[in-house]
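Me: I want to learn how to read contacts, cores and cavities in a model. Can we work through one together?

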Amino acid sequence: MMLAGCSGDRSILDPAGQAAREVAWLWWGMLAFSTVVLVVITALWLYAFRGGRPTQRSSRDEQRIARRWIIGGGLLLPGLSIVVLLAFGVPVGQRMLPLPLPDGQQAERIEVIGHQWWWEVRYPEADGGEVVTSNQLMMPVGEPVDFHVTGADVIHAFWIPRLGGKIDMIPGRTNVIRLEADVAGVFGAQCAEFCGAQHTNMQLHVEAMPRDDFDAWLAERQAPPEHSDDHQAARDTFVEHCASCHRVAGVSDGQQGPDLSDIGDRVSLGAGRLAMEEGAIGHWLRHHQQLKPGNRMPSHDHLDAETLDALGAWLETLSP
């Protein structure tokens with residue numbers, strides 16, 4: 001069980017970027033140093049309880065020995081540990097700051113806003129206009145990305161363990177962290193600051209892809225959506241009951257809940273709470289307060305199951 005966190009898409013011990021690699025080396029160094037301290041302290045503790053004839057000392061000698069332990073164990077050892085940690089940790093943290101890049105290179109800008117308990121992701125500099133999505137984050141591989149993060153309600157924390165350290169998302173304040181993925185792939189992310197009862201179920205799907213694929217992904221979400229007449233009744237239900245909170249491109253402009261314009265293209269619902277598959281959205285609409293108690297979407301007891309399933313079936317078609 002102790003080794004369960006050593007692998008997987010959220011393991012800091014399997015870095016996929018330079019910042020995460022430096023954090024991992026720092027962690028290994030701290031583990032090695034703390035192990036040495038533990039072994040030495042344990043050996044001294046055992047030595048103190050060894051059998052044998054007690055040593056006779058004067059009160060002055062006892063005071064001298066006590067001062068040595070206080071100065072050595074209480075001041076020098078903690079002080080040296082902090083200095084060494086800062087000597088290695090400060091440069092690691094500095095390299096995650098949005099400092100100027102050589103040759104005038106510009107980092108990709110992605111804005112991430114934490115809500116209870118979901119993620120809003122914005123691409124304000126996308127060619128053709130801003131792209132907005134929810135609970136998924138796409139980024140180019142092999143390029144620095146500046147993540148501008150904030151919180152909409154309480155303090156959250158943005159953390160992609162395989163790419164770097166975490167940073168707080170504070171309401172009314174924007175923090176910036178620079179990360180870069182060395183390899184393409186899917187990385188797990190998690191809110192790392194307790195933010196309420198469903199903090200554990202606030203996960204973010206992160207995917208790094210080649211620049212051409214990333215640009216194509218953005219372009220797909222800027223194309224005018226097509227809505228067939230096959231789901232007109234479901235669309236009318238959405239407009240009547242959901243549109244004031246949720247945005248669907250070409251249908252509604254709600255800003256209170258997650259943007260649903262590409263919900264059919266996502267891998268999960270409820271910020272990782274439920275896998276996306278046929279019928280999943282209808283199931284979520286009927287049971288979301290059981291699946292994720294306390295979420296801010298009201299229950300839909302006034303709508304029958306058939307209507308909710310039809311609404312879910314239409315939402316599943318929303319894919320660029």
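Reply: Start with contact: it means heavy atoms within 4.5 Å. Keep in mind that this model is predicted.

Me: Which residues is C191 in contact with, leaving aside its neighbours within four places in sequence?

Reply: W119, H156, A157, H199 and M202. C191 itself is found in the loop between β9 (185-190) and β10 (203-209). Take M202 from that list: it lies 11 residues from C191 along the chain, and their C-alpha atoms are separated by 5.9 Å.

Me: Is C191 buried or exposed?

Reply: The cut-off for buried is under 20% relative accessible area. C191 has 1%, so it is buried.

Me: How do I read a nonpolar core?

Reply: In soluble globular proteins, nonpolar side chains tend to be buried together. Here the largest nonpolar core has 39 residues. Y123, L137, M139, F147 and F158 touch the most other members. β10 gives the largest share of this core, 4 residues.

Me: What does L137 touch, not counting residues up to four places away in sequence?

Reply: I110, V112, V121, Y123, F147, F158, L204, H205, V206 and E207. There is also a second, separate core of 22 residues, with M276, A280, L308 and L311 among them.

Me: How many cavities of 30 Å³ or more does the structure hold?

Reply: It holds 1. The volume of the largest cavity is about 30 Å³.

Me: Which residues line the largest cavity?

Reply: N135, Q136, H205, R266, V267 and S268. By class, that lining has 4 polar, 1 nonpolar and 1 charged residues.

Terms used
Residues numbered from 1 in each chain as written. Predicted model: local features only at pLDDT ≥ 70, side-chain atom pairs only at ≥ 80, totals over all residues. Heavy atoms only, no water. 1 Å grid on protein atoms, 1.4 Å probe; cavity = no way out; pocket = protein on both sides within 12 Å on 5 of 7 lines; lining within 4 Å. Points joined across faces, edges and corners; volume = space filled by probe spheres on them. Nonpolar A, V, L, I, M, F, W, Y, C, P; charged D, E, K, R; others polar. Helix = DSSP H or I, 4+ residues; strand = E, 2+ residues; numbered from the N terminus. Buried < 20%, exposed > 50% of the residue type's maximum accessible area, 1.4 Å probe, protein only. Core = buried A, V, L, I, M, F, W, Y, C linked by side-chain atoms within 4.5 Å.
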